[in-house]
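Please read this briefing with the structure open beside it. It goes through charged pairs, strands and aromatic rings in turn.

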Amino acid sequence: MVSIATWNINSVRLRMPIVERFIKEQSPDVLCLQEIKCQEHQFPYEAFRELGYEHFAVHGQKGYHGVATVAKTPLREFSRHDWQDNGEARHVGVELTDHEGMIVENVYVPAGGDEPDREVNPKFGQKLDFLERMTRWADAIDRPTLIVGDFNIAPLESDVWSHKQLLKVVSHTPIEVESLQRFMDAHGWADIGREHIKAPERYYSWWSYRAKDWKANDRGRRLDHMWASPELAKQAQRHSVHEYARDWEKPSDHVPLVTEFTL
């Protein structure tokens, strides 16, 4: 059995206390973090080592973005793709060498700005292009793979607090949902979250900091995902969403997801 967690931590150094709390409570074998917001030499390696995580693949940059995969089980860095096509640190892939060579891809898809129109908002165009590059990559995958991270898209109606009100809001627009579907179709990915939490059941992983009472308002979106190759998806035994972490002191606006596989 191997447990894998994903979490947009929104600054790993700032939020190391809640990372430690989560690890002590859940103890995943592998933890994939997005938006670490630090350079590789600034990553808190020693803090993770003290928690039993000796293996690292860190792709960082100064102040923004960045992804890191830390593990109790041996890994080797497998890939770094520049799907943003501008040098931003938004992806790292690893091979879990003690778990049948399982590939775990950790990605932070661009948010895409505020206006869902590439003509007036270049960031939105960059997001769509990022997804297109991911789709071309997925079409050539030839090994059982898990891709996790902050996709910044909530595809289903039950992935957002109001489908009608968010149809023209970046993260839930039809063009983004269609782009994400093309990525899914390119490899036949299985959406692990929705394999275990069936639509139309409510499923969110992000709540804005702007909400004074995130829990009462519950205006969430499912921006974080764990998708597996078809053969690997059959080995997913449990999947959990740790909403309570949004209530911790100095929380991320995202919460962790965990999937357990029989490997």
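Does glutamate 40 count as buried, partly exposed or exposed, and at what relative accessibility? Glutamate 40 counts as partly exposed, because its relative accessibility is 29%. The model is a predicted one, and the points below are grouped by topic.

**Salt bridges**

- Across the whole structure, a search finds 20 salt bridges.
- One of them joins glutamate 40 to arginine 80, with 3.1 Å between the closest N and O atoms. This pair links distant parts of the chain, 40 residues apart. Glutamate 40 is in the loop between strand S2 (30–34) and helix H2 (45–50), while arginine 80 is in the loop between strand S5 (75–79) and strand S6 (91–96).
- Arginine 80 has a relative accessibility of 37%, so it counts as partly exposed.
- Arginine 136 forms a salt bridge with glutamate 132, and their closest N and O atoms are 3.7 Å apart. Both residues belong to helix H3 (residues 122–138); because they are four residues apart there, about one helical turn separates them.
- Glutamate 132 counts as partly exposed because its relative accessibility is 34%.

**A salt-bridge network**

- Aspartate 159 and arginine 222 form a salt bridge in which the closest N and O atoms are 2.9 Å apart.
- A network of salt bridges links Asp159, Asp191, Arg194 and Arg222.

**The sheet and a helix across it**

- Six strands make up an open sheet with mixed pairing, in the order S5-S6-S7-S8-S12-S9. S5 and strand S9 (190–191) are the edge strands, each pairing on one side only.
- In general, the strands of a sheet pair through backbone hydrogen bonds, in either a parallel or an antiparallel sense.
- The pairing of S5 with S6 is antiparallel and runs over four bridges. Serine 79 has glycine 93 in S6 as its bridge partner.
- Helix H3 lies across strand S7 (102–108) and S8, and runs at about 170° to S7.

**Aromatic pairs**

- The count of aromatic pairs comes to 15. Among them is the stacked pair of phenylalanine 43 and phenylalanine 48, with 5.3 Å from centre to centre and 5° between the planes.
- Phenylalanine 43 and phenylalanine 48 are both buried.
- Phenylalanine 183 and tryptophan 227 also form a stacked pair, at 5.7 Å centre to centre and with 20° between the planes. Phenylalanine 183 lies in helix H5 (residues 174–187) and tryptophan 227 in strand S12, so the pair ties together parts that are 44 residues apart in sequence.
- Phenylalanine 183 is buried, as is tryptophan 227.
- One aromatic cluster is formed by Trp83, Phe130, Trp137, Phe151, Phe183, Trp189 and Trp227.

**Charges over rings**

- The ring of tyrosine 108 has the charged end of arginine 90 over it, 4.7 Å from the ring centre.
- Arginine 219 lies over the face of tryptophan 161, and its distance from the ring centre is 4.2 Å.

Key: Residues are numbered from 1 along each chain as its sequence is written. This is a predicted model: local features need pLDDT of at least 70, side-chain atom pairs count only at pLDDT 80 or more; totals for chains, interfaces and linings use all residues. Side-chain values use heavy atoms; hydrogens and water are left out. A salt bridge is a side-chain nitrogen of Lys or Arg within 4 Å of a carboxyl oxygen of Asp or Glu. Helices (H or I, at least four residues) and strands (E, at least two) are DSSP runs, numbered from the N terminus. Buried means under 20% relative accessible area, exposed over 50%, partly exposed in between (1.4 Å probe, protein chains only). Two strands pair if DSSP finds at least two bridges between them. Contact means heavy atoms within 4.5 Å. Axes are lines fitted to C-alpha atoms, for helices over the stretch in contact, and angles run from 0 to 180 degrees between N-to-C directions. Rings of Phe, Tyr and Trp (its six-membered ring) pair if their centres lie within 6.5 Å; planes under 30 degrees apart count as stacked, over 60 as edge-to-face and the rest as tilted. A charge sits over a ring if NZ of Lys or CZ of Arg is within 6 Å of the ring centre and within 35 degrees of the ring normal.
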